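Subject: Structure handover

Hello,

Here is the structure I promised to pass on. Please open it first, then read my notes below.

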Amino acid sequence: MSLDPSPAPITVRIKDACRMTGIGRSKLYLLIAEGAIETIKIGSMTLIPVASIEAFLSSRRDDR
């Protein structure tokens, strides 16, 4: 049995969320303000749970 040396992150910063999804920074902040994507604040750092991004994208896929 081997452990993955670099486990998948459970949260990402705004910049990384934009890169992962292809969503622009302004649109991402709009989705956050609308409550479509969850954030976690730790001090001045804003983190986005990867599960929240996946849930949002999955719900959009179903809206076709």
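A residue counts as buried when its relative accessible area is under 20%, and as exposed when that area is over 50%. Anything in between is partly exposed. By that rule, 27% of the 64 residues of the chain are buried. Keep in mind that this is a predicted model.

**Overall layout**

The chain holds three helices and three strands. Their order along the sequence is β-α-α-β-β-α. The C-alpha trace spans about 40 × 35 × 15 Å along its principal axes. Take the contacts between residues at least 6 apart in sequence: 45% of them join residues at least 24 apart.

**Core**

Which residues touch the most other members of the largest nonpolar core? They are Val 12, Ile 14, Ala 17, Leu 28, Ile 32, Ile 37 and Ile 48, out of 13 residues in that core. Helix H1, helix H2 (25-34) and helix H3 (50-62) each supply at least two residues of this core.

Leu 28 is then in contact with Ile 14, Ala 17, Cys 18, Ile 23, Ile 37 and Ile 48.

**Surface and charge**

The accessible surface of the chain is about 4,900 Å². Carbon and sulfur atoms account for 55% of that surface. Among the side chains, 9 are positive and 7 are negative. The centres of these two sets lie 8 Å apart.

Side chains of opposite charge can pair when their charged atoms come close. How many salt bridges does a search of the whole structure find? The search finds one. It joins the side chains of Asp 16 and Arg 19, at 2.2 Å from N to O. Both residues lie in helix H1 (residues 14-21). They sit three residues apart, which is about one turn of the helix.

Are the two partners buried or exposed? Asp 16 has 25% relative accessibility, so Asp 16 counts as partly exposed. Arg 19 reaches 58%, so Arg 19 counts as exposed.

**One more arginine**

Arg 61 is in helix H3. Its relative accessible area is 52%, so Arg 61 is exposed. Now find Ser 26. Arg 61 and Ser 26 are 35 residues apart along the chain. Their C-alpha atoms are separated by 21 Å.

Best wishes

Methods. Residues are numbered from 1 along each chain as its sequence is written. This is a predicted model: local features need pLDDT of at least 70, side-chain atom pairs count only at pLDDT 80 or more; totals for chains, interfaces and linings use all residues. Side-chain values use heavy atoms; hydrogens and water are left out. A salt bridge is a side-chain nitrogen of Lys or Arg within 4 Å of a carboxyl oxygen of Asp or Glu. Helices (H or I, at least four residues) and strands (E, at least two) are DSSP runs, numbered from the N terminus. Buried means under 20% relative accessible area, exposed over 50%, partly exposed in between (1.4 Å probe, protein chains only). Contact means heavy atoms within 4.5 Å. Accessible areas come from the Shrake-Rupley method with a 1.4 Å probe; for residues, only the protein chains shown count as cover. Lys and Arg count as positive and Asp and Glu as negative; His and the chain ends are not counted. The place of a charge is taken as NZ of Lys, CZ of Arg, CG of Asp or CD of Glu. A nonpolar core is a set of buried Ala, Val, Leu, Ile, Met, Phe, Trp, Tyr and Cys residues joined through side-chain atoms within 4.5 Å. Lists of a residue's contacts leave out its neighbours within four places in sequence.
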